Amino acid sequence: MAFLDIKDLQVDYVTEDGVVHALNGVDLEVMEGETLGLVGETGAGKTTLAKCIMGLLPQRTGRIRSGEIYYDGKDLLKMSLKEMQKIRGAHIAMIFQDPMTSLNPVLTVGDQIAEAVQNHENCKRDEAMKRAEEMLELVGIPAERAGDYPHQFSGGMKQRVVIAIALACNPKFLIADEPTTALDVTIQAQVLEMMQDLKRKFHTSMLLITHDLGVVAQNCDRVAVIYAGEVVEYGGIFDVFKGMRHPYTKGLFSSIPQIQNEVTRLAPIPGMMPDPMDLPEGCKFCTRCQHATQRCREEHPQLVQVGEGHWARCFLCEQEGKVKE
Amino acid sequence: MKRKEREVGSMANQALHSRGLWADAWHRFKKNKVAVAGMVFVLILVVISIATLVIDWVTAGEIYNNYVTKTNLPMKLAGPSLEHIFGCDEYGRDILFRLLWGTRYSLFIGIVSILIALVGGGFLGAIAGFYGGKVDNVIMRVMDVFLSIPSMVMAIAIVTALGNSIFNLLLSIAVPQIPRLARIVRASVMSVRDREFVEAARAVGADDGLIIFKYIIPNALAPIIVQASLTVGSAILSIAGLSFLGIGVEPPAPEWGSILNAARTYMRDAWHISVIPGLMIMITVLSLNLAGDGLRDALDPKMKN
Amino acid sequence: MWKYIVKRILMLIPVMLGTILIVFFIMDRSEVDPAKVILGDAATEETVAELREELGLNDPFFVRYGRYVLDLVQGDMGESYTYRTPVSDQILARLPNTLLLASTAVLLSVVIGIPLGVVAAKKQYSAFDNISMVVCLFGSAAPTFWLGLVLVLLFSQMIPIFPASSMGRGFWGVLRSLVLPSFTIAISSIATVARTTRASMLEVIRQDYVDTARAKGTPESKITSRHMLRNALIPVITSVGLNFGVLLGGSVLTETVFAWPGIGRYVIEAIKTQDIPSVLGCVVALSIMFTVVNLLVDILYAFADPRIKAQYKQGRKKR
């Protein structure tokens, strides 16, 4: 059984200029102990999905149109704020994109980690501080620095602190929203490696959001490709990387340089992602797809099984397998 | 203060990038109903002060002498009625007339004093911002010293020492505002000083004065206008305050603050004399603030919430 | 930190000298001849000239300024023409009253303004937010002295619960007489503080670290107090400090309205009797108060924001 099961999740943002359709029926499953990669361009809805799982959609503008997110057999979206607060940090934790802004500048890092502990465990402040120091050591920061403020740390160190906060209560599921995008390349590798170690140590499942296919290749068991608020292809890491089926996925791969084959030019995907306020009726990718037909423009394709646990949302694959209901 | 300077910077940057800044701003301003209402009220006041001046000129002050300043003791402290909708004051003068004829003082002193402050503060701020370094340091330290005297207190000192002629009143309101405006001008000038088009002007041999007036000031204008328009309100409050203390505009001139000063004695018998002129001042300042806020939002939509 | 405070206090000296120079210069423009005022109308030209010489009024400006500063350091602000007593005595007798009024007003603006701003920001666009912000707009546009008059009309004449003027006796008497004048001064600064707090909270509410705090399961009340307010307060502190100047100016007007025996009322009295040394003394005293409050605000600021505190620590290391 799936550890976290997202069913037909549709999320809008209601803004002054109109309704932004951020997620348009996302179905995803995360298995126990696995790392699922979520890949897509900026604005594809990756962060919205993460925030939706955490119950952190902007209150005023965010609106969940439909869908369920089952965790441990219960629908997170139907939970009260109180119940959600018990889940956040203790069961599901999140690592944010930009370590520079995700720490509170006026509290010491020790305090910020200890707060996570105190939120879920009935313990005294000094016990929580001790745990905070242990967590710091765990992410490779000397315990003495617990009394320092965020501005006294470098970007990479800050992200380690953010990770320490996320893992402080030993959560079963970790959402990492582009955890290394804001970091230098050398630091990126270190942080990712550390996350992998900790994940194995604590036996945590993870949703790793990124736009970097290299990161996915190194860290994930399965991968889902998201485009304009829709999962267009997902499957095991080897299946997708070796036998990608959706034109968008192919485009993603051909737009990154590969060292082994000499190419004179990269092939970027032409055009731009469609305006999320005014999405095409049929396939969301039809405006940029070189295979697009009249049918693609009119009819919305369903996910089609193209291999063992490998699905793609494209009419081109229709003959190959059964349509997901 | 830091944040304000950053806001100013971003406003100045915007001024550079969009050619139709003023047209855009006007378009956005029009959509802000509250700000438009504020501006309409201010315009009405301007019309009233001009109209009353014209009336005085045409009638050779007859209306002014007969209705605004002439005592009419039978109507002393009369409450609001159909004939005198705002009632009469302690000399039986119609308050509505006095308020209308008093508009010119608040508006004139408010606007002119801020213009004076703008010239003074603009000059000092532009020099400080343009040259930077030591010049900047000296000017801004002196401005800091000026800022350490509460503005109302400085205004009182100036009027006490120099007397309360109109010019001195203008000065007493303007001087305390100079450092505030200088800071804003300095920040905007600094944000445009090193832009490419200034470099280009310098490269073709334009002198400093030309660069400041032709290139820097126009591009730094938006935040300065916003700040100045927001300051007019506080200038009107200051002048009313001085008149209320009896050291501003002299009676029998119908300045709003001095009507309130006289009203104090008769508060027990005639509430309307103390309430109505104050409402007038409040609504005027409110309108100016709303229009100024609207102007700021219109000129820099990014700052809005 | 102590070094920073000491340094700031030392930096105060040139600022104060400058402040006094400006005030002294302004008051020196006065046409009033102190010798004439002291001797009265009956005095002859000769005796006036004699007294002028004796008082050193014929000395160059900077000599007189230097003398004033030296005297001031020794606590001598000259003699009041009206009272024939040292100005410093007059000021010291009234200073506590002005301080009481001003600090009550600051307290009110903080205690009312900050919660108002916080609630308005947390419920942005709600009826509470809209109504309280409209009230604040009116509050900051209303002339202080007029608010005083209106409060007297309402709470002293229509519903006589508070005295309309002067200071009461005994703790409760003082407290009762403090209510109207302190609210009069505080209203505009409550409005400013509430508006600043709201704007600053709205900025903080959107920060990523608030999401971080939520993501670790922190209860909403704790997020507001610990994560939002702590950060939002930093600009509010500055605003309260700057507002203190407006508040002191307001106290001059308010003390006049309520016949409150403070420095503000004294200065107006002195202006009417052309008592120049008293006016000078009061303006200097009010300016010094303002400067000292701003120093306190700066120090408080450093305590509230570890980034600023750290700057000074680093500065010390470098030296």
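**Figure 1. Helix 7 of chain B spans residues 151-162.** From its first C-alpha to its last, this 12-residue helix reaches 16 Å, close to the 16 Å expected at 1.5 Å a residue; the expected span is 1.5 Å times one less than the number of residues. The model is predicted: local features need pLDDT of at least 70, side-chain atom pairs count only at pLDDT 80 or more, and totals for chains, interfaces and linings use all residues. Residues are numbered from 1 along each chain as its sequence is written, while chains are lettered from A and ligands numbered from 1 in the order in which they are written. Helices (H or I, at least four residues) and strands (E, at least two) are DSSP runs, numbered from the N terminus. B:Gly163, which follows the helix, has a positive phi near 90°.

**Figure 2. Helix 7 of chain B is mostly covered.** Of its 12 residues, 11 are buried (20 or more other C-beta atoms within 10 Å of the residue's own, C-beta atoms being placed from the backbone). Among them are B:Met152, B:Ile156 and B:Val159. The buried residues pack against helix 8 (166-193) and helix 10 (208-244) of chain B, and also against helices of chain C, including helix 1 (2-28) and helix 12 (276-304). Contact here requires C-beta atoms, placed from the backbone, within 7 Å.

**Figure 3. Strand 11 and strand 12 of chain A form a hairpin.** Residues 304-307 and 310-312 pair in the antiparallel sense over 3 bridges; pairing takes at least two DSSP bridges between the strands. A:Gln305 stands opposite A:Trp311. The turn has 2 residues between the strands, and A:Gly309 in the turn has a positive phi of about 65°.

Notes: Two residues are in contact if their C-beta atoms, placed from the backbone, lie within 7 Å.
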